[in-house]
Amino acid sequence: MNRKILRILSQFLVLSIVLMLPIFNVLRFDINTTELYLLGQAWSFSTSGGGYISGSSTLNHGNSSLNFLIKGVLPWFLFLLSFPIWGAILGRFFCGWLCPVSTIMEWGDALIKQIKRTLKYFSASSDRDFKDLFYGLLSGLISLITLIFISIIFSGFFIAPRDIFRQIITLNLTSNLIFTTLGMAGLVVATVLFAKRLLCNYVCIFGLVQMLAAIVSPISMRVRFDRKNGKNCTNCRGCENACLMGLKPRTLIKMSTSCINCGECMTACEKELGVGMKLFHYRFGKGNPLRGTAP
Ligand code: SF4
Ligand code: SF4
């Protein structure tokens, strides 16, 4: 299967799983009942016990805290611990192929580019291309519907999804739902418009952990430029234009920490030189420590 399609499918799959977490009470905090749901179990904060206790628990507070740590916190801690392992083996592959935040930013960026085509249509004094108008307006509509849909689903992390569904069906929206949804929409728009890759490079702890693990690991996977065949490069700059992280893929070195192994540079190079002739490859460890010297 085509690399780009495979990446879109994997991004879609992970984003869908994340959006379903509140529906199955895997992770959500109910602002109405102030209960915390972790892996299907509800926990209430007990001021007398100084911690979270399970609603169905008949244990004393000491046992309940231990129960909370084992059933609620430990699985997430183990999940977080998996990130250095990801980084040590696959570099920042998770960021480029699976991260839901990165997916929203990337897809949001793509839609914004299309919306700009509408502006191009209106600003052109002559030779207006109707396709610019059509795709621009279509992207605007898709963006709006997706934003509303995602914001409502994200609200499910704070309001019981069943309540949200009932309110929407009966058109009886509470102020809690309206404000939470508006807040989520604001967060998504701000992330797409302003956070961009700053978040990935300087804020996200998962990205940072993968970066560090990739640097120290002798086997981590990297995208490498094939210097031996570098003379075939036409200097079309397709790889640079396609790079999601704004890098110059031909000059990547082992210490480069920003590359998310998305493979977009490979796809661009395949388009220019043909499949089988591309100048970028995934390599593990020292495999092929190439450094770009092409024009
Ligand atoms: S260098 Fe290539 S693989 Fe790395 S982020 Fe840029 S486009 Fe993706
Ligand atoms: S896409 Fe390939 S041919 Fe074009 S500049 Fe990059 S490496 Fe060279």
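User: What makes helix α6 count as hardly covered?

Analyst: Good place to start! This is a predicted model, and in it α6 spans residues 161-170. A residue is called buried when 20 or more other C-beta atoms lie within 10 Å of its own.

User: Why is Q114 called partly exposed?

Analyst: Let's set the number against the cut-offs. Buried needs 20 or more neighbours and exposed needs 12 or fewer. Q114 has 18 C-beta neighbours inside 10 Å, so Q114 falls in between and counts as partly exposed. You will find Q114 in helix α4, residues 100-123.

User: How do you know which residues Q114 touches?

Analyst: Two residues are in contact if their C-beta atoms lie within 7 Å. Leaving out residues up to four places away in sequence, Q114 touches Y135, G136 and S139. Take Y135: this residue is 21 residues from Q114 along the chain, yet their C-alpha atoms are separated by 6.3 Å.

User: What makes up the shell around ligand 1, by class?

Analyst: The shell divides into 12 nonpolar, 3 polar and 1 charged. Of the 16 residues surrounding ligand 1, the closest are C243, P249, C259, C262 and C265. Cys and Pro count as nonpolar, so these five belong to that class.

User: And which element gives the largest share of the shell around ligand 2?

Analyst: That is α10, with 4 residues. The nearest of the 14 residues around ligand 2 are C233, C236, G238, C239 and C269.

Key:
Residues are numbered from 1 along each chain as its sequence is written. Chains are lettered from A and ligands numbered from 1 in the order in which they are written. This is a predicted model: local features need pLDDT of at least 70, side-chain atom pairs count only at pLDDT 80 or more; totals for chains, interfaces and linings use all residues. A residue is near a molecule or strand if its C-beta atom, placed from the backbone, lies within 6 Å of it. Helices (H or I, at least four residues) and strands (E, at least two) are DSSP runs, numbered from the N terminus.
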